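Let's take a friendly walk through this model, from a surface patch to a set of paired strands. Please have the structure open beside you.

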Amino acid sequence: MKKELPVAGLSCAACAVAVEQTLEKAPGVKAVRVNFANHSALLEWDESATDIARLQETVRKSGYELLAETPSPSDSASEQQAQYAVVKQKTRFAGLLAAPVFVLGMFFMDLPYGNYLQWALTTPILLIFGRQFYTHAWKLARIGKANMDTLVALSTGIAYLYSTFTTFFPSLLLSRGLEAHVYFEAAAVILFFILLGKTLELRAKAGTSEALRQLMQLQPREVQVQHPDGSLELMPVEAVAIGTSFRVKPGEKIPLDGEILSGESYVEESMLTGEPLPVAKASGQTVFAGTLNQSGNLLIRATKTDAGSTLAQIIARVREAQASKAPIQHLVDRISGIFVPVVLVIGLLTLLIWGFSGVEDAWLRGMLALITVWVIACPCALGLATPTAIMAAMGKGAEQGILIKQAETLEKGSRIRHIVFDKTGTLTLGKPALKALIPAEPAWTQETKIALHALEQLSEHPLGKAIAEGLRVKQPAPEVQDFRSHTGQGISGIVAGKRYLIGKRQWLHSQSVALPQGWLTRADEVGSLRGISWFLRPANSSRSPY
């Protein structure tokens, strides 16, 4: 069994490493990758040896929570936006309180009752806006573990408790010849900047989920099911089983992978294939979820469920790739795993060295040095930078139609020197334009151009629209009688009493139309790509040889 599951309670890279190491030791687990950037674990386990309930209990004992259900990209994006909004609000209020504390502590230290005012402003920052750091650090301490929250809680907590004691019992310090100095500004400002870092982190995470949410939006969430008696019912795509028939009208996106039972149409599949031109579809052919039905009314039989559709598989691969680790990330994880314990030891050694140094106010100076070491040694940037960059790159790539299978590919990408494109739509805007008339334009009568313009205006094919626009006929279009669109072949109609056929050479031959040999020779010389041109994307126009 292989599945991606959310992990709650991760607050730093060391947390992700701890959960990963815990799951690796669990019986029945074959492989595990914990991603701190999107708070998830990609697990593969033997169902005969363990199950989700046992894995959840294993993770719970380590101080974290493994959730049983994976939210959809849409729900995940909404949840991350909500978390971002909450932390952003906490950061704003913490900043409003920390600013006057900083000013009082740095510039108005001798202000009467200044210490009491600083205490009153700092207390809500610790107990309300930064409370999560202390509660989580306490949970981990109960099971003998430590992480970034431990460093934050210890450093700011010591500064706050010492300053509170000094504020209410200054005589005890003054009687020993020590200055009754407070450090509320250190605790308040440190927590504000930690919260600010969390806000920026959550904003980055919310942005990486947006691309997956946009991929999900390509697929309609409702489908018009046609029952055997011919009646229609609107149902959610999740409720549609394989074999169910459903209708798709012109201009609608196809909700599920399926096989056309009846109808003909052009279907735009650029989101899957990268090809800009719609594909002619008829009975018996396959269509895919998220593609656009441009013209005909289609009756389709579902061949895959919502979770098994090609689009769903693409989204699953993107999520799996985002959870993968680049080779450099393994080094970062090893460092993050031992970083917090090492920093705790270094901080305590700093305190002891200062304390026994014999200098004036040795233990006070040692306490300040201890706080400094624990605060500045934040491993979050170390552990967050690589996975967040991977998520952002893969999310942005998916938004642009580029799917990356694993993080290692991105790291190797720096060595790429040449790129070969095999999809026209990669380099162009997908908007064709008329470039030349064959034979030369003087051979075309105004009557023929007007008739061609009138017919192509009714065509559903994008090349027909390009021809109609490129002819630049200013006269009102004449009436077209008996207009017919032969899907995948061409069009026909009667204009001013004359019948016109426009389409592929083979189809024209099948309609007993004899083309002048000179036209065929000239067309072969020029080639179809010279008759119709494609607009290059602005970013590519200076680099493409075409």
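On the surface, Phe-102, Val-103, Met-106, Phe-107, Phe-108 and Leu-111 make up a nonpolar patch with about 570 Å² of accessible area together. Patches here take residues with over 30% relative accessible area and no salt bridge, joining nonpolar side chains within 5 Å; a salt bridge is a side-chain nitrogen of Lys or Arg within 4 Å of a carboxyl oxygen of Asp or Glu. Accessible areas come from the Shrake-Rupley method with a 1.4 Å probe.

This is a predicted model, where local features need pLDDT of at least 70, side-chain atom pairs count only at pLDDT 80 or more, and totals for chains, interfaces and linings use all residues. Residues are numbered from 1 along each chain as its sequence is written, and side-chain values use heavy atoms, leaving out hydrogens and water.

Phe-102 lies in helix α3 (residues 73–107); helices are DSSP runs of H or I with at least four residues, strands are E runs of at least two. Phe-102 is partly exposed, at 36% relative accessible area (between 20% and 50%).

An unreviewed UniProt entry places "transmembrane region" features at residues including 93–110, 116–134 and 180–197; such annotations may be inferred rather than shown by experiment. Two of these spans compare as follows.

Now to the strands. β5 (residues 222–226) and β7 (residues 245–248) run antiparallel, joined by 2 bridges; pairing requires at least two DSSP bridges. Phe-246 in β7 stands opposite Val-225. β7 also pairs in the antiparallel sense with β13 (residues 298–302) over 4 bridges, and there Ile-300 is the bridge partner of Phe-246.

Terms used
Patches are made of residues with over 30% relative accessible area and no salt bridge: like charges are joined within 9 Å, nonpolar side chains (Val, Leu, Ile, Met, Phe, Trp, Tyr) within 5 Å. Buried means under 20% relative accessible area, exposed over 50%, partly exposed in between (1.4 Å probe, protein chains only).
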